[in-house]
Amino acid sequence: MATLIQENGIAHSVPSHMVPDHEYCESTKPVPAPTQNDAGEPMVTQPPAEEEEDTPEIDIMINNVVCSFSVKCHLNLRQIALNGVNVEYRRENGMVTMKLRRPYTTASIWSSGRVTCTGATSEDQAKVAARRYARALEKLGFQVRFQNFRVVNVLGTCRMPFGIGITAFSRKYKEADYEPELHPGVTYKLYNPRATLKIFSTGGVTITARSVSDVQSAVERIFPLVYEFRKVRTAADEELLRARRAARAPPPPAAPAPRADPLRLVTLSDDDADAWE
């Protein structure tokens with residue numbers, strides 16, 4: 001058996017008895033690329049385009065911000081129910097509920113002067129709504145003083161770009177509590193920041209914390225933990241992911257409309273007129 005060797009663009013056929021054994025041959029392993037240039041500086045390599053596209057992007061949605069404040073005066077709930085707007089008197093609970101359209105929120109008002117506001121989607125929006133409730137109570141004749149405003153609870157949701165094996169996840173971490181007979185998700189508690197997370201096998205995560213910044217920090221803390229238990233994508237998942245990327249991509253620019261030919265007036269001579277007749 002002969003071996004073909006190419007040298008200087010010319011192919012030579014060498015008998016098999018002249019080919020050296022493998023143990024004496026030079027290594028054919030690929031030589032690693034140099035990490036420094038001629039000046040001794042480290043070379044910066046650009047990541048492939050496909051890896052950049054696969055970088056996960058997690059959008060955190062703030063669904064509810066709960067805040068509380070005090071008006072520092074006694075409130076007559078009956079008077080609020082009779083003279084207020086968008087008010088419902090709940091005698092069995094000993095409180096009055098009042099609603100606003102802008103921002104769309106609901107306030108629970110007690111006779112002691114304590115007010116709890118729910119439904120806002122940001123901390124700034126919650127403070128604006130609280131001040132508007134205090135102004136509405138002031139217009140009803142109460143000596144209102146807006147004090148002790150604070151954000152009590154924030155509810156946020158996000159979706160990981162992969163499914164999660166919640167059974168194996170709950171077995172590894174003692175902070176995870178998984179009872180499939182009671183709830184389909186894993187309850188995971190963080191202590192720095194203080195937050196409670198509900199993790200589902202589909203990749204959805206619900207976060208409850210004391211502030212919006214704590215919600216973001218909780219997502220950053222939980223991502224490397226659940227990434228270890230991510231599920232392998234199937235062909236259907238890949239197709240769905242490509243469809244979502246295509247939907248997020250900007251549409252191609254529309255082709256310019258063809259220009260209409262300008263109207264041209266043609267003057268016919270007498271001979272041409274006779275031809276048309």
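**Briefing: aromatic pairs and an antiparallel sheet**

Phe229 counts as buried, at 15% relative accessibility, where buried means under 20% relative accessible area, exposed over 50% and partly exposed in between, with a 1.4 Å probe and protein chains only. The model is predicted, and local features need pLDDT of at least 70 while side-chain atom pairs count only at pLDDT 80 or more, although totals for chains, interfaces and linings use all residues. Residues are numbered from 1 along each chain as its sequence is written, and side-chain values use heavy atoms, with hydrogens and water left out.

**Aromatic pairs**

- Rings of Phe, Tyr and Trp (its six-membered ring) pair if their centres lie within 6.5 Å, and planes under 30 degrees apart count as stacked, over 60 as edge-to-face and the rest as tilted; by this rule there are 10 aromatic pairs.
- Phe162 and Phe223 form a tilted pair, with 6.0 Å from centre to centre and 50° between the planes.
- That pair links distant parts of the chain, 61 residues apart, with Phe162 in the loop between strand 8 (147-159) and helix 4 (166-172) and Phe223 in helix 5 (residues 212-227); helices (H or I, at least four residues) and strands (E, at least two) are DSSP runs numbered from the N terminus.
- Phe162 is buried at a relative accessible area of 9%, whereas Phe223 is partly exposed at 21%.
- The rings of Tyr173 and Phe229 make an edge-to-face pair, because their centres are 6.4 Å apart and their planes are at 80°.
- Tyr173 is also buried, with a relative accessible area of 16%, and together with Phe169, Tyr188 and Phe229 forms one aromatic cluster.

**Charges over rings**

- A charge sits over a ring if NZ of Lys or CZ of Arg is within 6 Å of the ring centre and within 35 degrees of the ring normal; Arg114 lies over the face of Trp110 in this way, 4.3 Å from the ring centre.
- The charged end of Arg230 sits over the ring of Tyr227, at 4.0 Å from its centre.

- An open sheet of 10 strands, with antiparallel pairing, runs in the order 4-5-6-7-3-8-12-11-10-9, where two strands pair if DSSP finds at least two bridges between them.
- Its edge strands are strand 4 (87-90) and strand 9, each of which pairs on one side only.
- Strand 3 (residues 61-70) and strand 8 run antiparallel and are joined by 8 bridges, and Ile62 has Gly156 in strand 8 as its bridge partner.
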